[in-house]
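Here is a short briefing for a first look. Please keep the sequence and the 3D view side by side while reading.

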Amino acid sequence: EIHHLIIEVYEKQLALKDAELNFLQSQLNPHFVFNVLNAIGLQAKMDGNQKLSQTISTFSKYMQAKMKQDDTGKVRVRQELEYVKCYLEIQQFRYGETLSFEIEVEEKVLESYIQKFCIQLIVENAILHGIGPKMGKGRIRIRGYERKEKILIEIEDDGIGISKERLWQVNDGIQKKILTGKDIYGLYNVNERIRLNFG
């Protein structure tokens with residue numbers, strides 16, 4: 001029994017060392033990426049291309065937020081909206097003046113907690129499936145407010161819209177946990193993370 005316990009402790013120590021090594025290894029690639037992004041951003045700045053320099057800086061900040069690990073996966077709404085703003089500014093570089101956005105969130109809501117990247121995933125969906133196919137000017141509007149002790153966050157776009165049939169398919173897929181197509185993953189992911197963490 002003592003021999004068995006010694007082996008068990010030894011195996012746990014090996015597993016811990018493996019985990020530490022894997023963690024350190026996983027940090028090398030992002031570190032390299034950020035160094036490359038910083039070098040490109042600096043070159044763009046030296047060449048006088050302020051817009052490109054700013055976009056690279058925003059993208060670097062956004063990627064750091066994506067890769068940053070935490071225990072709960074929860075952040076304040078204020079922090080989540082910073083990620084969203086970074087994402088939207090990167091998309092503005094791509095779409096130019098055709099994409100605009102506004103964010104109106106009550107102060108009390110800003111201090112509440114939310115699952116990381118929940119708002120961003122829905123904004124991404126709105127751009128990819130709403131504004132992107134529109135081929136014209138598009139606007140994203142994000143509102144956050146409290147009603148009857150519940151926090152409501154609305155993400156609205158003025159894109160091509162969605163048919164009743166497709167809306168039914170998406171809602172049915174989320175409720176029954178049946179993924180009916182690649183464009184449902186973002187909404188399914190957000191719904192499941194909220195459900196698992198908040199009920």
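The model is a predicted one. Across the whole structure, a search finds 12 salt bridges.

**Salt bridges around Arg-78**

- Glu-107 meets Arg-78 in a salt bridge, side chain to side chain, at 2.6 Å from N to O.
- Arg-78 sits in helix 3 and Glu-107 in helix 4 (residues 107-110), so this bridge ties together parts that lie 29 residues apart in sequence.
- Arg-78 itself is partly exposed, at a relative accessible area of 33%.
- Arg-78 also forms a salt bridge with Glu-111, where the closest N and O atoms are 2.4 Å apart.
- That pair links distant parts of the chain, 33 residues apart: Arg-78 is in helix 3, while Glu-111 is in the loop between helix 4 and strand 3 (113-115).
- Glu-111 is partly exposed, with 34% relative accessible area.
- Which residues make up the network of salt bridges that includes Arg-78? The linked residues are Arg-76, Arg-78, Glu-107 and Glu-111.

**A salt bridge between two strands**

- Arg-143 and Glu-154 join their side chains in a salt bridge, with 2.8 Å from N to O.
- Arg-143 belongs to strand 4 (residues 138-147) and Glu-154 to strand 5 (residues 150-157), so the bridge ties together parts 11 residues apart in sequence.
- Arg-143 is partly exposed, with a relative accessible area of 25%.
- Glu-154 counts as partly exposed too, at 30% relative accessibility.

**Helix 3**

- Helix 3 covers residues 77-95, which makes 19 residues.
- At 1.5 Å a residue, helix 3 should span 27 Å, and its end C-alpha atoms are 26 Å apart, so the two values agree.
- Buried residues in helix 3 include Val-77, Glu-80, Leu-81, Tyr-83 and Val-84.
- Further along helix 3, Cys-86, Tyr-87, Leu-88, Ile-90 and Gln-91 are buried as well.
- Just after helix 3 comes Gly-96, with a positive phi of about 70°.

**Helix 7**

- Helix 7 runs over residues 185-198 and has 14 residues.
- From first C-alpha to last, helix 7 reaches 20 Å, close to the 20 Å expected at 1.5 Å a residue.
- Which residues of helix 7 are buried? They are Gly-186, Tyr-188, Val-190 and Glu-192.
- The cover over these buried residues includes helix 5 (118-131) and helix 6 (164-176).
- Gly-199 follows helix 7, and its phi is positive, near 90°.

**The largest nonpolar core**

- The largest nonpolar core holds 25 residues.
- Leu-88, Val-123, Ile-127, Ile-140 and Ile-142 touch the most other members.
- Helix 3, helix 4, helix 5 and strand 4 are the elements that give two or more residues to this core.
- Helix 3 gives the most, with 8 residues.
- What does Ile-127 contact, leaving aside its neighbours within four places in sequence? Its contacts are Tyr-87, Leu-88, Gln-91, Tyr-95, Leu-99, Gly-132, Pro-133 and Ile-140.

Key: Residues are numbered from 1 along each chain as its sequence is written. This is a predicted model: local features need pLDDT of at least 70, side-chain atom pairs count only at pLDDT 80 or more; totals for chains, interfaces and linings use all residues. Side-chain values use heavy atoms; hydrogens and water are left out. Helices (H or I, at least four residues) and strands (E, at least two) are DSSP runs, numbered from the N terminus. The expected span of a helix is 1.5 Å times one less than its number of residues. Buried means under 20% relative accessible area, exposed over 50%, partly exposed in between (1.4 Å probe, protein chains only). A salt bridge is a side-chain nitrogen of Lys or Arg within 4 Å of a carboxyl oxygen of Asp or Glu. Contact means heavy atoms within 4.5 Å. A nonpolar core is a set of buried Ala, Val, Leu, Ile, Met, Phe, Trp, Tyr and Cys residues joined through side-chain atoms within 4.5 Å.
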